[in-house]
Amino acid sequence: MGMMESQLSQIDSIKVLLIAAFIEGLKPEPRFTVTEWAELKRKLSSKGSAEHGPYRVGRTPYLRRAMNAMSPNSGVSLIIVMKGVQGGWTELGFNVIGYYIDMVPCPIMYVMPTVQTMERNVKQRIDPMIEDCPALLLKVGKKRSKDGGNTLHQKDGAGFVLILTGANSAAGLRSVAVRILLLDEVDGYPGDVDGEGSPVSLAMNRQVTFGDSKKTYMISTPTIEGESKIESEFFLTAQEYYYVPCPHCEKLQTLEFEQLKWEKGKWSDVHYECLHCRKKIYNRHKTFMLKEKGYDPGGLAEWRVTKPELANPKILGQHWSSLYSPDGWLSWENIAEKWDKCENDEPEKKTFINTILGKTYKVKGDAPPWQQLFERSTAAGLERNKVWGDVAFITAGVDVQGDRLELEIVGWMKGRCSLQIDYRVIEGDTTKDDVWTRLGEVLNEEWKAGTRTLQIKLMAVDTGYNSPKVHDFARIWGTRRVIPIQGRDSLDLPYTAPKAVNKTKLGKSVGKLKVWGVGVSYLKVQLYGWLRLTIPAEGDNAGLIPAGYCHLLPLEGHYFRGITAEELVPQRNSKTNAIKYEWIKRYVRNEPLDCRIYAMAAAYMVGFDRWDEKRWDKEVKGAVIKTSLKKPVSEETDGDTGQGIEPGQGEPAASDAAPKKKERRSKGGFWN
């Protein structure tokens, strides 16, 4: 009888929810806008916001138009925003979620690039929003309560359901029909999910049954020109930009990076030059400049259409750059500093253009002319194995083939300038011990650099061919001196934390080995940018060596053809019609390119990109540095005994070399 009563009670509860949803459906759409609801009921949590407290759109007036467009009575069904960072656009999406749960209960879906990023966002931002808003907590219920519908991936109540998923989950995208769809950072979505097509299309197909009442909010920082999803969608709209007044002449203009003025390295005097009166505008003036006409007292700023021929009353497309970030958030001084620090670094420039300017990056995938590099190196006349006194440390990159090892030895100097010390080929069967013994001898070599004696600080060896031998070699020398690596084209970083892989012997697993992922595409783009650099012969900067400049030996022509052997070209996917850039060989022998990339990866693992002037000077003026391990290390320590090596004396110190993801370290190892 008890079970029967329980089942009847559950049926009654379902009936109550259905009746409540039916009654909610009979109510007219409120005249209340999303903006008005947010200012009345939304509270920013200290867990996810630097400025916690009541939400005030006056802090970010440029959000008002898109926020109001997401209100039920706006007539707009699709909002597309191509944007930079530090603007509050994701918070706008949370306001929309809160509004529809509270005011117009209905099915809602919020999508981020991956399930993992969504889960993190729910914990840090969505759950605190619900907890800090009594109206939402009443309708959603406390997290994990017995009768509540508040979980990590779904929140439901009377008349509404909120699906929280990642673009990498086809099951999550097709779970229910939804009226309100929020697509966050769409340029981070995969082109195809589980073989079912575009995640954007899968999600938008969930809205078909809601007709004109559906709403889609699509936002993202853009990525690569021709590849960016948000850019292609934005270009189909009337393309609105935010026009702000000069505090001096009050004439309206968009904020353009070219008008930001400063002397390199002197960021305290950064100012914006008005396009009209040419007077100086400072970051503090943005509070006045951002005020929106018709809403904020004294406001003159407004969104303006730039492509009226593409106007559609149901679609709103906006572009926003971080130059508009409110005073107290991302300042013009911060932006100028970021730009100066990414000089001659193409991957960092890409990040700046994408995340600060909110624009796509035009890939420079064409290889530098090898003939020019050949002529330049011949004129310079460098000598093999002669190391300059300002070289701070040495790395090596090794490419493994069936009948040889090819390696490049590179010295690194301030400004990430490089000196090619030598390029070698060790011939022999790489399944045999002899070539690996000779490679070990290279690790024991010494080079005089002024008053110091240097050895190779870190050697990166590719595991793409004959990986068992590579791992054996790394175990003998220890991962303080030798690291096994694997190239990853899709990795948008120089390298990642190591992954454990199984080591087998006679078909049986005999332990775990570690392999570091290397962002080969990222590093190739950066290297090609460095190879294009030249030393000015005239003007104020005559003879000044630019950061990242590569000093090359006068080697044979095939070396220079090899280091420029690949080009990054767009390839269209016949199934999804999406464009993706891929590296294509233009010269069959690309080992010189691979070796340099691996040597660069090793330098990043040493930490040279995080060294300041003092650290570089300390390394160059340091004591004699010898780092050889001439005895095989024990199997139990996985190659990390620490014999005779102290931090800063031959291994990448933990503070310098640790990958972005913090890894647990085992005994005696700085890389584990």
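Q: Which residue's side chain does R438 meet in a salt bridge?
A: D434: the two side chains meet at 2.9 Å, N to O. A salt bridge here is a side-chain nitrogen of Lys or Arg within 4 Å of a carboxyl oxygen of Asp or Glu. Keep in mind that this is a predicted model, where local features need pLDDT of at least 70, side-chain atom pairs count only at pLDDT 80 or more, and totals for chains, interfaces and linings use all residues. Residues are numbered from 1 along each chain as its sequence is written, and side-chain values use heavy atoms, with hydrogens and water left out.

Q: Where do R438 and D434 lie?
A: Both are in helix α14 (residues 433-444), four residues apart, which is about one turn of the helix. Helices (H or I, at least four residues) and strands (E, at least two) are DSSP runs, numbered from the N terminus.

Q: Is R438 buried or partly exposed?
A: Partly exposed, at 30% relative accessibility, and D434 is partly exposed too, with 47%. The cut-offs are under 20% relative accessible area for buried and over 50% for exposed, with partly exposed in between (1.4 Å probe, protein chains only).

Q: Which residues do salt bridges with shared partners join into one network?
A: D403, R404, E406, R589 and E591.

Q: And how many salt bridges does the count come to?
A: 34 by this rule.

Q: What does K414 pair with?
A: The side chain of K414 meets that of D617 in a salt bridge, 2.7 Å from N to O. K414 sits in the loop between β18 (404-413) and β19 (417-427) and D617 in helix α19, so the pair ties together parts that are 203 residues apart in sequence. K414 is partly exposed at 37% relative accessible area, and D617 is partly exposed at 29%.

Q: Staying with α19, which of its residues are buried?
A: R615, W616 and E619 are buried in α19, which spans residues 613-620. They cover an arc of only 100 degrees around the axis, so they are on the same side of α19. That arc is taken from the directions from the helix axis to the C-beta atoms.

Q: What's on the face turned away from that buried side?
A: The exposed residues E613, K614 and K618.

Q: What about strand β4, how many of its residues are buried?
A: Six of the six residues in β4 (residues 107-112) are buried, so the strand is largely enclosed by the rest of the structure. P107, M109 and V111 point one way, while I108, Y110 and M112 point the other way.

Q: Which strand do six bridges join to β4?
A: That's β7 (residues 160-166), and the two run parallel. I108 stands opposite L162 in β7. β4 also pairs with β8 (residues 180-184) in the parallel sense, over four bridges, and there M109 stands opposite L181. Two strands pair if DSSP finds at least two bridges between them.

Q: What does the side chain of H319 reach?
A: The backbone oxygen of G358, at 2.8 Å. A polar contact is a pair of N or O atoms within 3.5 Å; within protein, one must be able to donate a hydrogen and the other to accept it, and residues adjacent in sequence count only if both atoms are side-chain atoms. H319 lies in strand β16 (residues 315-320) and is buried, at 7% relative accessibility.

Q: Which residues does H319 touch?
A: Leaving out residues up to four places away in sequence, H319 touches M82, F234, E240, Y241, Y242, W303, L357, G358 and K359. Contact means heavy atoms within 4.5 Å.

Q: Last one: what's the phi of R278?
A: Near 65 degrees, a positive value in a residue other than glycine. R278 is in the loop between β13 (266-273) and β14 (280-281), and its side chain meets that of E273 in a salt bridge at 3.4 Å, N to O. R278 is partly exposed at 48% relative accessibility, as is E273 at 23%.
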